[in-house]
Amino acid sequence: MSTMSPEQRGDLAERMLPEAANLAVLVHGDGGPEDVAAVLAGLTGAEKDALIVVLAGLVDPEQPVGRALGWLDFNEHGSLTVPASWSEDRKVRDLAPEDDTDLDDDFVDQVVVSNFVRGFRVSAISDAEFLESVKQCVNRGLTLGDIDQLRGWERRTTENWVNRLRKQWKRSGREFPSLAQPGSRTFTEAEVVAIRKRSAGGASDREIAMSYSVNRETIRSIVRGNRYAQYGGPIRAARSKQPSTASREYMCGHGDKSVAARPASFQASNAVLSPQERFEIAQRAAGGEPVKGLAGEYKVSSTTIRKYAA
């Protein structure tokens, strides 16, 4: 298919999808080897290549091998059956042969890295540039899943690329750089959902932060959806920068219950006492008058009375 354009390869793969589905149905019990051979005999070499690609795309490389191939068993009649136990728990990905490709050189184009980190289009990026970009993204608080969203990639694309590079570094005897966020810990999806539910239930950011041994800002970024945006759980709505209508009416006198609408004799509990009033309070308190009585008379708290009586 190398001589085909990308559009032609895509069209061919789309045409092979029904054939791939047919083979899956035949192999899983609706047919036999003769039926499979008949399907393959009617395809050209290019169509077979495309069919292989489509079939590979239908397999989840993260599922256990036993779940992917465990049904390949036969009963006494020669029919395919599903075994009672799937003992193979390795992932399909773990069976893939190691990539013998050498590491790229260590040259890093900082312009490419800068564009990557800011989410701009990057026409080509080397392994070294990709790794440096991931390190900078992590230092900014992004997870590998966040990078997928930043670049518009499929889920786990960044993780799989990082894992491939980690294997290459190990084979070459080099120590792979840490991609942990500096001064913070990573959270599982279950933990993120639990944190957001606790916050929605009324728990404070400080309380949740103490239970996870992190700072309050870390929890705040999680419950607001700034971090781990790919995970579920209730997201805290951003606080409005504008005062509500009720607040404006209350303070500015546009409502019947506003401060301005109250009688002139009313004095707020946090009213500022004049110097003369402070002197009177000090004298009367020193004369033995009760604090509560003075607080009620001057429309202030008992703490304010004690402050000027001292």
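Glu 297 has a relative accessible area of 44% and is partly exposed (buried means under 20% relative accessible area, exposed over 50%, partly exposed in between, with a 1.4 Å probe and protein chains only). This is a predicted model, in which local features need pLDDT of at least 70 and side-chain atom pairs count only at pLDDT 80 or more, while totals for chains, interfaces and linings use all residues. Residues are numbered from 1 along each chain as its sequence is written, and side-chain values use heavy atoms, with hydrogens and water left out.

Glu 297 forms a salt bridge with Arg 284, with 2.8 Å between the closest N and O atoms. A salt bridge here is a side-chain nitrogen of Lys or Arg within 4 Å of a carboxyl oxygen of Asp or Glu. Glu 297 lies in helix H15 (residues 291-298) and Arg 284 in helix H14 (residues 275-286), 13 residues apart. Helices are DSSP runs of H or I with at least four residues, strands are runs of E with at least two, and both are numbered from the N terminus.

Arg 284 also meets Glu 289 in a salt bridge (2.9 Å, N to O). Arg 284 is partly exposed at 25%, and Glu 289 is partly exposed at 33%.

## Arg 236 and Asp 205

A salt bridge joins the side chains of Arg 236 and Asp 205 (2.6 Å, N to O). Arg 236 sits in the loop between helix H12 (216-223) and helix H13 (245-252), and Asp 205 in helix H11 (residues 205-212). Arg 236 is partly exposed at 29% relative accessibility, whereas Asp 205 is buried at 9%.

## The chain

The chain has 16 helices and two strands. Buried residues are 25% of its 310 residues.
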